[in-house]
Amino acid sequence: MEAEKLEKQKRFLIRAAYWVLLCTLLYVTFKYGLSLIAPFVVGFVMALIVKPVVDYLNKRCRFPRTAASVLMVVTLYLVLGGLLALAVVQLVSMVQDVLNRAPVAYTNEIQPAIAGMFDWVERMLQRFDPKATLGIDDAARKLSDKLGEIVRDLSTWAVTGTARFATSIPTRMVQMLFAILSTFYIVNDYTLIKDFIIKQLPAKAGQVLERGKDQLGKTLGRYIRSYGIILCITFAELTLGLSILRIPNAGWWALLIACFDILPVLGTSAVMVPWTVITILQGNYARAIGLAVITAVVWTVRNIVEPKIVGTQVGLHPLLTLMAMYVGTKLFGGFGLLGLPVALALINALQKEGTIQVYK
């Protein structure tokens, strides 16, 4: 009995060491090696998107596969590029308008509001303890100077950020070129590439890879659909709320903030909280309350529906989805927020169909 117990413990330790080593290798690979293959990962994902259409054109419409691949890859990237260009132009226009108005708004609205707030605090303190007001004027002056410095630095920050973005354009263009080319080669010679890779692997590993590819395409589709639903919900909430507050260009602002909400880590608070604070300093308390209510509603609804929608779409329990999002963010940042739930959903799908057995 003692020997059998020791043998079980030995097998457990070996299996645990195997999983620890595997997880460590995966962590190091994704943490530090993903940037090296990012264009090809993008190319693979884009190829999965256009492959069904290319297959349809090739088999049903007797369209040459190379021509179908070129047509669909060019169409996909033109559509995505056009949407991105439209969003960037609108965003630059809106941000430029805000930056142009910032110094005037600070001088005419925010600075007087800060002075009035400190005057009110000083009057209130004088009623209880006149000595407590000694540092109020100095604190008000320092705060006003600091905020003025921040507002003045906005222009410098915008110019520097634009310059950095401009200098990164050649690198981004090269990465995009490799992504486009890899998309074309993958979708055009998909069978050839797949067969070559599978031949290099053991039979079991090749089967897992083949089924994993099929499930990955389905999982990514469900994942994109789930976040599309979340984006639409957030956009509708923001459009309604900002329209009620009579915000100019409410639809465009709602779309911008909804996109921030989809981005990992940032969320609506990255825009709504500073906006609310600035509105308070401007003395527009009714609008500030409205913005705060919108922020609270969007944040609450997002945190309730996201695990449920994502979990339902990809086949994971909402609690497991929530845990995967948190752990993924801690380990891999924004990529982990999206990647770890997808990885777990893929493992779960392969487990259910019997391709692998990771858990009982």
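Residues are numbered from 1 along each chain as its sequence is written, and side-chain values use heavy atoms, without hydrogens or water. Because the model is predicted, local features need pLDDT of at least 70 and side-chain atom pairs count only at pLDDT 80 or more, while totals for chains, interfaces and linings use all residues.

**Aromatic rings**

Let's start with the rings. Searching the whole structure turns up three aromatic pairs. Rings of Phe, Tyr and Trp (for Trp, the six-membered ring) pair if their centres lie within 6.5 Å; planes under 30 degrees apart count as stacked, over 60 as edge-to-face and the rest as tilted. Two of the pairs are set out here.

| Pair | Centre to centre | Angle between planes | Class |
|---|---|---|---|
| Phenylalanine 40 and phenylalanine 178 | 6.2 Å | 65 degrees | edge-to-face |
| Tryptophan 253 and tryptophan 275 | 5.7 Å | 45 degrees | tilted |

Phenylalanine 40 belongs to helix H2 (residues 34–59) and phenylalanine 178 to helix H4 (residues 136–188), so their pair ties together parts 138 residues apart in sequence. Helices here are DSSP runs (H or I, at least four residues), numbered from the N terminus. Phenylalanine 40 is partly exposed at 41% relative accessibility, and phenylalanine 178 is partly exposed too, at 42%. For these classes, buried means under 20% relative accessible area, exposed over 50%, and partly exposed in between (1.4 Å probe, protein chains only).

The tryptophan pair links helix H7 (residues 250–262), which holds tryptophan 253, to helix H8 (residues 269–281), which holds tryptophan 275, so parts 22 residues apart in sequence are tied together. Both tryptophans are buried.

Beyond its neighbours within four places in sequence, tryptophan 275 is in contact (heavy atoms within 4.5 Å) with Leu242, Ile247, Ile257 and Leu291.

**Threonine 295**

Threonine 295 sits in helix H9 (residues 285–314). This threonine is buried, with a relative accessible area of 11%. Not counting residues up to four places away in sequence, threonine 295 touches Ser269, Met272 and Thr276.

Terms used
Helices (H or I, at least four residues) and strands (E, at least two) are DSSP runs, numbered from the N terminus.
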